[in-house]
Amino acid sequence: MALVEINDHDAGVRELRLNDPTRRNAMSMALGAALRAAAAQCVQDDVRVVVVTGAGTAFCAGADLPELFGDPDQPLPRTRERLSAYYRAFLDVYELPVPTIAAVNGPAVGAGLNLALACDMRIAGHDATFGATFARIGLHPGGGCTWFLVQQIGYARAVHTLLRGQTLDASRAAADGLADGPYRDPLDHALTVAGEIAAAEPPLPAQIKATARLAASGASFADVLEAETAAQAASTRSDRLRAWVDRFR
């Protein structure tokens, strides 16, 4: 059984499905390695949009705690090294050059929250929850969770959520701007959105993602404007634009 199922859909949309439902897709080292391999394959295959979801009733129920934190006597430098390697599972998804969508079909807790946040968009089902529960179990958030949350919902709301170890239901996540929804079938909606994005001529979606990331990073208006201008100039060669221009001649 593949720990990450790869399903290809029309127009270059690829679905990555975490596939360890008996363990609620807990992010073990093995599952993380499979996700990294699947992300690398997306780059190699020139996929246009990636949708990430979970098999069964959970998106991802968090880290495999005994595997990751089961040795309290491990030297701290070794612990930090292991954590950095573990984070690559969702950071490789974050670094994909194409748009990414998390179809959150159930709980996304801890490392699972990080994976959802690593995607450009989150589409929540009615049973989706977003659990920033690190503090509740005596653990500092990791894997970029604080950065992701501050980016998505602002400093005050992020700190409130993290310090209290809160879990947000789908409606609250949507109200906070963390996700879109809730939808009865989040994967179906995510695939519809992915198809709309993938219909654009490449590399337009990837360029829009890169420019938006630059804007979100705190880059100056001048730097973002320069990046937009360069990308827009390149896009003037697209067949779709030429067809629109011709309609007004």
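Buried means under 20% relative accessible area, exposed means over 50%, and partly exposed covers what lies in between. With that in hand, let us walk through this predicted model.

**A nonpolar patch.** L65 has a relative accessible area of 40%, so this residue counts as partly exposed. Helix α2, spanning residues 65-69, is where L65 is found. Together with F69 and I137, L65 makes a nonpolar surface patch of about 260 Å².

**The cysteines.** How many disulfides are there by the distance rule? The count comes to zero. A disulfide needs a pair of cysteine sulfur atoms within 2.5 Å. For C42, the closest cysteine sulfur is in C119, 11 Å away, so the two are too far apart for a bond. C119, likewise, is in no disulfide.

| Residue | Relative accessible area | Class |
|---|---|---|
| C42 | 3% | buried |
| C119 | 2% | buried |

**The sheet.** Six strands form an open sheet with mixed pairing, in the order β1-β2-β3-β4-β6-β9. Which strands sit at the edges? They are β1 (4-9) and β9 (180-183), each of which pairs on one side only. On average, neighbouring strands of this sheet are turned by 20 degrees against each other, direction ignored.

In general, strands of a sheet pair through backbone hydrogen bonds, either parallel or antiparallel. Here, strand β2 (residues 13-18) runs parallel to its partner, strand β3 (residues 49-54), and the two are joined over six bridges.

Conventions. Residues are numbered from 1 along each chain as its sequence is written. This is a predicted model: local features need pLDDT of at least 70, side-chain atom pairs count only at pLDDT 80 or more; totals for chains, interfaces and linings use all residues. Side-chain values use heavy atoms; hydrogens and water are left out. Patches are made of residues with over 30% relative accessible area and no salt bridge: like charges are joined within 9 Å, nonpolar side chains (Val, Leu, Ile, Met, Phe, Trp, Tyr) within 5 Å. Accessible areas come from the Shrake-Rupley method with a 1.4 Å probe; for residues, only the protein chains shown count as cover. A salt bridge is a side-chain nitrogen of Lys or Arg within 4 Å of a carboxyl oxygen of Asp or Glu. Helices (H or I, at least four residues) and strands (E, at least two) are DSSP runs, numbered from the N terminus. Buried means under 20% relative accessible area, exposed over 50%, partly exposed in between (1.4 Å probe, protein chains only). Two strands pair if DSSP finds at least two bridges between them. Axes are lines fitted to C-alpha atoms, for helices over the stretch in contact, and angles run from 0 to 180 degrees between N-to-C directions.
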